[in-house]
Amino acid sequence: LQELQNADGPVPISALTADAAMIPLRSGVADRIVMRSVLIYIEAVEQVLRECARVLRPEGYVTICEPLNARRYNIVSLDGATPQLITALEGMRAAKQ
């Protein structure tokens with residue numbers, strides 16, 4: 001982890017497990033972010049998406065796989081999404097373009 005935090009250039013890694021709300025990487029360095037069954041357990045979804053957008057490089061990809069789960073049924077709909085969530089999603093889409 002220390003090597004990743006201090007690196008000036010790319011450091012090849014196969015996986016990093018971290019707090020999704022505070023990813024211990026510099027901005028714009030991640031090629032890929034993969035989350036599986038994560039957001040259903042997180043209250044601060046907007047913060048997590050902003051953090052993903054922060055560490056993702058402009059040509060990077062985010063893959064989010066979530067079950068349809070009654071625990072967080074509202075996550076599959078953007079109805080009632082806060083401006084911060086919409087901004088985070090738009091930032092991720094803009095980075096992809």
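Predicted model: local features only at pLDDT ≥ 70, side-chain atom pairs only at ≥ 80, totals over all residues.

Trainee: How many salt bridges does a search of the whole structure find?

Mentor: Let's list them with their N to O distances. Aspartate 31 pairs with arginine 57 at 2.1 Å, arginine 54 with glutamate 51 at 2.7 Å, and arginine 57 with glutamate 59 at 2.8 Å. The search of the whole structure gives a count of three.

Trainee: Which elements of the chain does the pair of aspartate 31 and arginine 57 link?

Mentor: The two residues are 26 apart, so this pair links distant parts of the chain, in elements defined as DSSP runs. Aspartate 31 lies within residues 30-36 and arginine 57 within residues 56-65. The elements are strand 1 and strand 2.

Trainee: Is aspartate 31 buried, partly exposed or exposed?

Mentor: Its relative accessibility is 37%. Buried needs under 20% and exposed needs over 50%, so a value of 37% makes aspartate 31 partly exposed.

Trainee: Where do arginine 54 and glutamate 51 both lie?

Mentor: These two are three residues apart, about one turn of the helix.

Trainee: How many disulfides does the count come to?

Mentor: In general, a disulfide is a covalent bond between the sulfur atoms of two cysteines. The test used here asks for a pair of cysteine sulfur atoms within 2.5 Å. Cysteine 52 is buried at 1% relative accessibility, and cysteine 65 is partly exposed at 34%. By this rule the count is zero.

Trainee: Which residues is proline 67 in contact with, leaving aside its neighbours within four places in sequence?

Mentor: Start with its place, the loop between strand 2 and helix 3. Proline 67 is partly exposed, with a relative accessible area of 31%. Valine 38, which is 29 residues away in sequence, has its C-alpha 9.6 Å from that of proline 67. Leaving aside the sequence neighbours, the contacts of proline 67 are Ser37 and Ile40.

Trainee: Which element supplies the largest share of the largest nonpolar core?

Mentor: That core has 17 residues, and Val48 is among those with the most contacts inside it. Strand 1, helix 2 and helix 3 each supply at least two of its residues. Beyond its neighbours within four places in sequence, valine 48 is in contact with residues including Met35 and Leu39. The largest share, five residues, comes from helix 2.

Key:
Residues numbered from 1 in each chain as written. Heavy atoms only, no water. Salt bridge = Lys/Arg side-chain N within 4 Å of Asp/Glu carboxyl O. Helix = DSSP H or I, 4+ residues; strand = E, 2+ residues; numbered from the N terminus. Buried < 20%, exposed > 50% of the residue type's maximum accessible area, 1.4 Å probe, protein only. Contact = heavy atoms within 4.5 Å. Core = buried A, V, L, I, M, F, W, Y, C linked by side-chain atoms within 4.5 Å.
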